[in-house]
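Subject: Structure handover

Hello,

Here is the structure for your files. Please open it first, then read my notes below.

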Amino acid sequence: MNYERQKRLVERLLDRTRAGELSWQESIRPDTFQVAFPNNSVLIRSIDDGRFTDFHVSIADSTGRVVDGFGKDQLDRDGPPGSGSGSWSRVLGELHALARRSALRADEAIDNILVEID
């Protein structure tokens, strides 16, 4: 199976999240964050087996049914972003970290603390 569309999706989500254009929310599942669109949602979750941390992306329809899911193993089959060195694990890890920061409003918390200590 070709995962080019999923790769493009991850890259666009990462770009728009970096730019602060997406509002991620906490999911009911631990360490899982989601962003909603009119007809679908994207979830990214962290999976820690005690030795490694992996990330999994799920696409859900408007009823919450998962219609697609993938992780680094599927994305890495054709090579990392830009066919350079690295791995989709790094990209998914960055997306998860940024989604977490967005959902938990980390920048807002830091700004509030800076106001208090300045």
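The largest pocket is lined by Met1, Asn2, Glu4, Arg5, Gln6, Arg8, Leu9, Arg12, Ile59, Asp68 and Phe70. A pocket here is an open set of points on a 1 Å grid over the protein atoms alone, where a 1.4 Å probe fits, with protein on both sides within 12 Å along at least five of seven lines; lining residues have an atom within 4 Å of a point.

This is a predicted model: local features need pLDDT of at least 70, side-chain atom pairs count only at pLDDT 80 or more, and totals for chains, interfaces and linings use all residues. Residues are numbered from 1 along each chain as its sequence is written, and side-chain values use heavy atoms, with hydrogens and water left out.

Back to the pocket. Its space is about 250 Å³, taken as the space filled by probe spheres set on the points, which are joined across faces, edges and corners. Helix 1 (4-18) and strand 5 (66-71) each supply at least two lining residues. Helix 1 gives the most, with six. Helices (H or I, at least four residues) and strands (E, at least two) are DSSP runs, numbered from the N terminus. By class, the lining has four nonpolar, two polar and five charged residues. Nonpolar covers Ala, Val, Leu, Ile, Met, Phe, Trp, Tyr, Cys and Pro; charged covers Asp, Glu, Lys and Arg; the others, Gly among them, are polar.

Next, the strands. Strand 3 (residues 40-48) and strand 4 (residues 53-61) pair antiparallel over nine bridges; pairing needs at least two DSSP bridges. Isoleucine 59, one of the pocket-lining residues, is the bridge partner of valine 42. Four residues separate the two strands in this hairpin, and glycine 50 there has a positive phi near 95 degrees.

Strand 4 also runs antiparallel to strand 5, with five bridges. Histidine 56 stands opposite glycine 71 in that pair. This hairpin too has four residues between its strands, and glycine 64 in the turn shows a positive phi of about 90 degrees.

Last, glutamine 25. It lies in strand 1 (residues 25-26). Beyond its neighbours within four places in sequence, it contacts Thr32, Phe33, Gln34 and Ala103 (heavy atoms within 4.5 Å). Its C-alpha atom is 9.4 Å from that of leucine 43.

Best wishes
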